[in-house]
Amino acid sequence: MFWFDKHEPHTIYCDERRVPYHEYYPGRFLEVAPDIQCDFRHLPFDDETFWHIVFDPPHLERIGCRSWTREKYGQLPATWPEMLHDGFAELWRVLKTNGTLIFKWSSVQIPLSDVLKVLDKKPLYGNRSGKHMMTHWLAFVKFQDVEEDITLF
Ligand SMILES: C[S@@+](CC[C@H](N)C(=O)[O-])C[C@H]1O[C@@H](n2cnc3c(N)ncnc32)[C@H](O)[C@@H]1O
């Protein structure tokens, strides 16, 4: 949904679901058509494959089983802390050293601070967006873990 080009040729779209194109609400259409259907906790990629990753997991735990919001964004299980921890760790594995991971979170039900506790890594910076400023965009960088002098110009 948030990609300007839904077939951007350098990008691999992943999701565990496939949902055929349909009208989910009068006049509104949805399709979930990932390039690779997979679980973000078990990705079919080698270590250190990508320079840039966007992680946009479901953010709602309590949601009607037939609601269109669930159909659009999916649902978090009760075991979401473990799920997000394992998913983030798997994305970190396939991220190249010095690569960037963008994490999107909407804190309508679960505060960002609770999510950050389970991710193990600290974001470098972030931004809030949306009408109620509840959507957070955070940047994580997988820095090379070496101590070296950096010359500032
Ligand atoms: C917020 S939506 C992502 C929307 C996407 N960023 C876009 O622009 O269309 C979250 C997606 O995560 C998917 N998802 C949930 N659990 C998953 C898992 N374990 N592995 C892969 N995808 C999962 C859901 O099916 C849902 O489509």
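1. Helices (H or I, at least four residues) and strands (E, at least two) are taken here as DSSP runs, numbered from the N terminus. On that basis the protein has 3 helices and 8 strands, and the elements follow the order β-β-β-β-β-α-α-β-α-β-β from the N terminus. Along the principal axes, the C-alpha atoms fill a box of roughly 60 × 35 × 30 Å.

2. The model is predicted: local features need pLDDT of at least 70, side-chain atom pairs count only at pLDDT 80 or more, and totals for chains, interfaces and linings use all residues. Residues are numbered from 1 along each chain as its sequence is written, and side-chain values use heavy atoms, with hydrogens and water left out.

3. Grid points are joined across faces, edges and corners, and a volume is the space filled by probe spheres set on the points.

4. The largest pocket holds about 1,800 Å³ of space. Its lining comprises 49 residues, with W3, Y13, C14, D15 and D56 nearest the centre. Elements that each supply at least two lining residues include β1 (14-15), β3 (28-32), α1 (68-73) and α2 (80-94). The largest share, 6 residues, comes from β5. By class (Ala, Val, Leu, Ile, Met, Phe, Trp, Tyr, Cys and Pro as nonpolar; Asp, Glu, Lys and Arg as charged; the others, Gly among them, as polar), this lining has 29 nonpolar, 9 polar and 11 charged residues.

5. The ligand sits in the largest pocket, in the sense that more than half of its atoms lie within 2 Å of the grid points. It is surrounded by 15 residues, the closest being M1, D15, R17, F40 and D56; the criterion is a heavy atom within 4 Å. This shell has 9 nonpolar, no polar and 6 charged residues.

6. Polar contacts are pairs of N or O atoms within 3.5 Å. A polar side-chain atom of R17 is 2.7 Å from a ligand oxygen atom, and a polar backbone atom of F2 is 2.8 Å from an oxygen atom of the ligand. A backbone N or O atom of E16 lies 3.2 Å from a ligand nitrogen atom. The protein covers 89% of the 600 Å² of accessible area (Shrake-Rupley method, 1.4 Å probe) that the ligand has on its own.

7. The count comes to 1 cavity of 30 Å³ or more. The largest cavity has a volume of about 30 Å³ and is lined by D56, P57, H59, K104, W105 and S106.

Notes. A polar contact is a pair of N or O atoms within 3.5 Å; within protein, one must be able to donate a hydrogen and the other to accept it, and residues adjacent in sequence count only if both atoms are side-chain atoms. On a 1 Å grid over the protein atoms alone, a cavity is a set of points where a 1.4 Å probe fits but cannot get out, and a pocket is an open set with protein on both sides within 12 Å along at least five of seven lines; lining residues have an atom within 4 Å of a point.
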